[in-house]
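Look at the model first, then read on.

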Amino acid sequence: MLFPMKILVTAKRVEDPESKIKVKPDGTGIVPEGLKYKINPFDEIAVEEALRLVAKHKGETVVVSIGGKEVHEQLRHAMAMGVDRAVWVNHTGPLDQMAIAGLLKKVCEKEKPDMAILGKQSIDDDQNQVGQYMAEWLGWGQATFASKHESLDSDAEKSKTPALVVGADGKTVKVVREVDGGLGTVECTLPAVVTTDLRLNQPRYAPLPGIMKAKSKPIEELTPAGLGVDVAPKLTVLKMSAPAPRKAGIKVPDVATLMQKLKTEAKVI
Amino acid sequence: MSVGINRYKCDLRELQFVLLEQFSYAGLAGKAPYENWGEDELKAVLSETYRFAREVLGPLNSVGDREGVKMVNGAAVTPKGFREAWKGLYEGGFKQLAVPSKFGGQAAPEMLHVAVEEILSGANIAFNIYPGLAWGVGELLAECGTPAQIDAYVEKVFNGKWGGTMCLTEPHAGSDVGAVKTRAVKQADGRYKIQGTKIFISGGDHDMTENIIHLVLARVEGAPAGTKGISLFIVPKLKVNADGSSGESNDVALAAIEHKMGLNGSATCTLSFGENNNCYGELVGTAENIGMSQMFRMMNGARIAVGLQGLSLASSAYLNALEYARDRKQGPHFSKFKDPNAPRVAIIEHPDVRRMLLELKSTTEGIRALVVKLAMHRDYAIATKGKDDEKAAYHQGQVDLLTPLVKSYAGDEAYRLCGQAIQVYGGAGYLKDWPVEQYARDAKIFSIYEGTSHIQAMDLVGRKLGQHGGANFQAFMNDINVFVEAQRAHPAFGKEAEMLGRAAEAVTQLAMAMLGWSQAEKMDLLVLNANRFLTMMSQLSVGWLLLDAGVKAQAASIRLTKGNQESSFYEGKVASALWYARNVVAGIRAQADMAALEDDSAEKISDAAFGGS
């Protein structure tokens with residue numbers, strides 16, 4: 001028999017990589033006007049995996065996001081994909097990875113899921129820290145960079161088979177991870193934190209009936225104060241700047257000149 | 001996952017402007033019968049549809065064009081990936097968006113439906129024709145079928161379990177539908193035996209569904225001649241068993257698949273009904289000889305869909321050409337054309353390329369506004385029905401009046417604009433490396449199928465202008481006059497509003513002249529000028545709606561800092577409005593002057609004088 005799973009997933013609101021992102025002239029951040037936002041693509045993979053697990057094992061999925069009212073858009077998107085309900089930690093202002101991990105830890109203590117599945121990082125500032133902090137502070141096992149052996153064109157993917165394998169007793173999870181030079185497998189005792197890599201699955205579209213259903217699914221509001229978490233940033237961003245634009249190339253007449261320039265100007269050989 | 005590359009582009013910001021800022025979606029949202037449909041749902045649906053379009057349908061567009069549909073062992077085999085796309089389309093609920101909830105759909109407003117259809121069509125028009133026809137069959141049977149027929153067929157063609165077609169054309173009955181020869185012979189059990197050949201049947205056979213429901217125009221023995229003797233029949237590809245499952249063959253044979261200029265992924269079939277005397281159909285509804293009016297319920301929707309197809313390709317052609325023009329460097333700026341060392345510039349910096357791009361931009365935006373306006377009237381016609389009959393009649397009247405404009409102007413312009421997009425690319429656009437040559441080939445059919453442009457023009461001047469004693473046309477002109485009066489003194493658009501007013505007078509004058517011609521038995525002049533009139537009225541509508549958008553965009557941009565993305569968007573709307581007014585609306589009067597010449601040389605010239613041999 002299969003044991004029902006309660007799975008908590010995250011849905012961070014991030015800038016759509018297709019929008020043109022400009023840094024403010026004073027370097028205090030990016031220009032928000034005209035930007036589009038979406039759910040962090042790694043989190044979307046986490047949502048997909050949770051939905052597949054719950055389709056197999058039964059149980060419940062809960063999605064969490066932290067931010068102002070605008071994160072409802074991402075919570076609704078996850079619920080349109082099929083997540084059952086949402087938790088919104090209402091907070092505006094900067095947050096560092098420790099504050100986020102601290103808030104998620106408290107939400108996990110409150111919700112008591114069997115597994116928390118998060119994106120391995122968010123595509124806005126690519127820190128790749130929250131899942132690790134969270135597991136450590138909760139005293140849970142962790143399996144980062146979850147992936148799978150099967151390709152995204154495989155039959156297993158097409159039939160939406162979950163890649164995470166829960167043990168027959170419902171007390172462990174086996175996770176294939178991306179590691180340098182290949183894949184490795186770890187087994188964790190549940191509850192555990194799993195963070196997702198890119199090739200874990202191909203997230204589904206939010207079906208249009210799902211978008212309508214998501215309207216009536218509940219969003220519970222929490223606050224950092226209510227959760228008892230001090231979110232004052234310990235990490236301060238001093239300045240943001242765009243990468244220097246690429247300089248135009250030059251043509252050299254022959255190999256000798258090229259070698260000479262590589263030595264004296266570029267100083268790479 | 002997919003084999004090709006997506007080329008489809010759509011500007012969601014522009015779609016949202018038209019729906020939310022120009023035509024008040026908010027006036028419909030959240031109210032009966034659209035209680036569940038708010039702005040958030042609209043935005044979520046558009047962005048998810050666009051994603052599906054880019055990731056699933058778009059990559060299959062060139063695949064369908066190159067592979068085409070093959071006939072294997074008497075059955076049509078669709079291009080690689082189409083079957084999976086069909087499954088994804090219905091699993092995602094994209095095609096059930098506007099289906100009534102009693103048939104398992106989402107009952108969305110028509111305004112949103114047309115925007116979603118623009119995206120689905122634009123990404124892969126050849127593919128989208130198959131589910132589009134199934135949808136049409138569902139809509140027709142929901143309205144004209146008996147309760148038993150509704151039970152048996154409607155939900156299955158709406159949810160993609162079964163496909164559908166409309167079978168009108170025969171070798172000798174194209175535009176002249178009344179010449180249909182397919183025979184229906186009533187049997188003792190009430191069914192009809194069907195025998196005949198139909199050609200040009202889109203989606204006539206394919207491998208994406210287990211069954212296909214054909215709606216076939218045929219003549220019952222002894223029926224009156226012409227369109228008054230035509231009945232409509234439900235003829236499934238496979239006989240439907242008592243339990244609703246698909247059974248044995250119903251003797252509908254695929255005789256051929258056409259080789260076409262474009263839309264190669266769409267199966268255009270010759271179907272042979274009853275070759276073995278074993279093809280049975282049931283009459284739609286309960287009465288014979290009303291097939292034409294039944295079919296026209298499907299035709300009106302289909303005509304709007306053709307307008308949408310034109311819009312969708314022209315718009316993607318524009319956005320692709322725009323991207324290319326920003327990227328491609330060629331020649332110096334014209335101000336430095338004598339300097340051989342001047343830097344090469346992106347071709348978007350050349351004035352004539354800018355002119356072409358702005359024409360593409362403004363015309364597609366104006367056509368989109370026209371399509372959404374029509375959809376808005378449909379929504380309000382439904383929302384006010386039974387509550388305010390006068391309003392409902394006004395809205396329905398505008399739907400009727402604008403349908404031939406949408407079908408024909410969007411359809412005709414699409415081919416011209418796709419050609420213009422190729423011109424922006426230069427030689428590269430003529431190559432299959434870029435999407436625009438396929439767009440142009442795919443777009444040519446829009447001025448032909450579902451009633452040629454001239455049939456639309458005759459529908460407009462022969463039926464729609466005089467409908468309800470001319471009330472629909474008068475209401476339309478009145479709306480324009482109200483706009484002109486309100487904006488005459490506008491600091492940015494006043495002159496253009498005046499120009500629009502004069503163009504409206506010219507259109508009214510020609511309408512009066514046509515009335516005069518028909519009373520003076522000069523029908524040839526009426527027919528010769530019908531297409532011209534349709535074009536003039538379309539340009540007037542588009543010019544009006546673009547100015548309306550420009551006024552709204554300018555007002556919205558005042559609070560924004562110049563140069564950011566949003567203010568650039570609004571600046572673009574203003575430019576579209578001014579360009580179209582000064583370069584197209586300004587020419588409407590000249591067309592009226594031409595019509596006033598009462599030139600009938602095309603009628604007078606003898607056949608021999610056309611020359612040739």
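This is a predicted model: local features need pLDDT of at least 70, side-chain atom pairs count only at pLDDT 80 or more; totals for chains, interfaces and linings use all residues.

Residues are numbered from 1 along each chain as its sequence is written, chains are lettered from A and ligands numbered from 1 in the order in which they are written, and side-chain values use heavy atoms, with hydrogens and water left out.

Q: Why is A:Ile269 called exposed?
A: Exposed means over 50% relative accessible area, buried under 20%, and partly exposed in between (1.4 Å probe, protein chains only). A:Ile269 has 55% relative accessibility, so A:Ile269 counts as exposed.

Q: Where in chain A does A:Ile269 lie?
A: A:Ile269 sits in the segment after α8 (255–264) of chain A. Helices are DSSP runs of H or I with at least four residues, strands are runs of E with at least two, and both are numbered from the N terminus.

Q: How much of chain A is buried?
A: Of its 269 residues, 46% are buried.

Q: What describes the packing of two helices?
A: The angle between their axes and the distance between the axes. Axes are lines fitted to C-alpha atoms, for helices over the stretch in contact (heavy atoms within 4.5 Å). Angles run from 0 to 180 degrees between N-to-C directions. In chain B, the axes of α5 (residues 110–123) and α9 (residues 351–384) come within 7 Å and cross at roughly 145 degrees.

Q: Which residues of α5(B) meet α9(B)?
A: They are B:Glu110, B:Met111, B:Val114 and B:Glu118. Their partners in α9(B) include B:Val371 and B:Ala375.

Q: How many helices and strands does chain A have?
A: Chain A has 8 helices and 12 strands.
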